[in-house]
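Subject: Handover of a structure

Dear colleague,

Please find below the structure that I am handing over to you. I would be grateful if you could read the notes that follow with the model open beside them.

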Amino acid sequence: WTSLLYLCMISSSILRDRSHIDETLRLAAEEKAGDYAAALQKLRNIYHNSIKPMEQAYKYNELRQHEISDGEITSKPMVLFLGPWSVGKSSMINYLLGLSDRAEPTTSEFTVIMHGEKIRSVEGIVMAADSSRSFSPLEKFGQNFLEKLIGIEMPHKLLERVTFVDTPGIIENRKQQERGYPFNDVCQWFIDRADLIFVVFDPTKLDVGLELEMLFRQLKGRESQIRIILNKADNLATQDLMRVYGALFWSLAPLINVTEPPRVYVSSFWPYDYAPDTSRELFKKEEISLLEDLNQVIENRMENKIAFIRQHGIRVRIHGLLVDRYVQTFKEKMSFFSDPELVFKEIVDEPDKFYIFKSILAKTNVSKFDLPNRDAYRDFFGINPVTNFKPLSAQCSYIGGCLLDKIERAITNELPALLSSINSGKQPGLSACEATGCGEKPKNRYRKN
């Protein structure tokens, strides 16, 4: 990929016509940058004012190890390319960006292709150290991984709206330890943050081994983001292509156990003309369908960002309610002669005996499927003693109001209202209180019955 730095945009006269790419992705259209920036600023304010205070008060990051940075809130949609080695992932990115396909393929690096004012490469250690980007959490995977992470910046209309991530090719029969870093964990980090996931296959490489099986296990629950690409399809005659298409479904069926399998695109994603006597009309239609999928992700980026922050806020709120319940139960069970460690050990070992989780379900509209793992709280309180936390009723002030009220208002009112303003085309302005920082009289709506 580093050789991309020395490539220029090349003449399309000797290559396949790619005007449909610019048309489908509407790259010539001017975006309303002001509206998008205002909505983004509003979203950041809601997060920092209403969600982050509870996150910090109850150390949510130590439970989920997921800290949302400004870089993550403002980041562009991420499109992730996964698949076996040498299936054409890098060539596909080159093709979408209108770059020469002469770059040598690699199976060893995670490459992030993003917008920049000039063409340059950025080392992984620099990307992870830059808090304005969304990649700082990758430091936890160690120095060996950061040496296998590289950023490519370039000025491009498409990269103003989306970021591409090319991943090392999956090589079956290779042990994870041989890579020198936790490959599956790194893949999971990118999968969790990707807005669209292209899993690319070559008609000659359809074998499903252990590493590919692990990858599809990691993709569970993300089926709506997954698109399967059967690339290099013009290498086969139509009849052979149908057989390969069936074989691909047969191989993947046990791995994708859902009612509606991901969409499969059949084409040849590289700059050169299709091979003669192949289904060029079909391939072009498939390509346009894939580009429409990509365009949908770009156009819905603000809605997806709001939904992501709202989902995060719901998890933080549930965590705050649970910690509050543990704190209250501990205070109720403590007496002058009690041993604090033994009292709390019983509570954390047998939360059902004290209705810790059931009380949250009974008093709120939380689904039981949204509740965290009970064992996670044994580990959480092993690091953070229960005596370090104040109950929610004490988390109020005349200046800032109550933590619970603020996060509930963000989840039920502010974030849905921001979403509505995006969908209706209204420009989301800042409210007077957000501009001046007005306080609220504290209320305690979370009381025991």
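Asp 277 sits in the loop that joins strand 8 and helix 11; helices (H or I, at least four residues) and strands (E, at least two) are DSSP runs, numbered from the N terminus. Asp 277 is exposed, at a relative accessible area of 79%, where exposed means over 50%, buried under 20% and partly exposed in between (1.4 Å probe, protein chains only). Although Asp 277 is not a glycine, its phi is positive, at about 60°. Tyr 355, in the loop between helix 13 (340-349) and helix 14, also is not a glycine and has a positive phi, near 55°. For background, most residues other than glycine have a negative phi.

Please note that this is a predicted model, in which local features need pLDDT of at least 70 and side-chain atom pairs count only at pLDDT 80 or more, while totals for chains, interfaces and linings use all residues. Residues are numbered from 1 along each chain as its sequence is written, and side-chain values use heavy atoms, with hydrogens and water left out.

The chain as a whole

The protein chain contains 17 helices and 10 strands. Of its 449 residues, 49% are buried. Among contacts (heavy atoms within 4.5 Å) with a separation of 6 or more, 81% are between residues 24 or more positions apart.

Which residues of helix 10 are buried? They are Leu 241, Val 244, Leu 248 and Leu 252. These residues cover an arc of only 60° around the axis, so they lie on the same side of helix 10; the arc is that of the directions from the helix axis to the C-beta atoms. In general, an α-helix has 3.6 residues a turn, so residues three or four places apart point the same way. The buried residues of helix 10 pack against several elements, including strand 6 (196-201), helix 9 (210-218) and helix 11 (280-299). On the face turned away from the buried side are the exposed residues Gln 239, Met 242, Arg 243 and Trp 250.

Helix 16 (residues 403-424) has 22 residues, and its first and last C-alpha atoms are 30 Å apart, close to the expected 32 Å. That expected span is 1.5 Å times one less than the number of residues. Helix 16 has a kink of about 45° centred on Ala 410, the bend at a residue being the angle between axes fitted to the seven residues ending there and the seven starting there. Ala 410 is also one of the buried residues of helix 16.

Thr 163 belongs to strand 5 (residues 163-166) and is buried, with a relative accessible area of 11%. Thr 163 and Met 78 are 85 residues apart in sequence, yet their C-alpha atoms are 4.9 Å apart in space. Leaving aside neighbours within four places in sequence, the contacts of Thr 163 include Lys 76, Met 78 and Val 112.

Thr 364 is found in the loop between helix 14 (356-363) and helix 15 (374-383). Thr 364 is buried as well, with a relative accessible area of 15%. Not counting residues up to four places away in sequence, Thr 364 touches Arg 317 and Leu 321.

Yours sincerely
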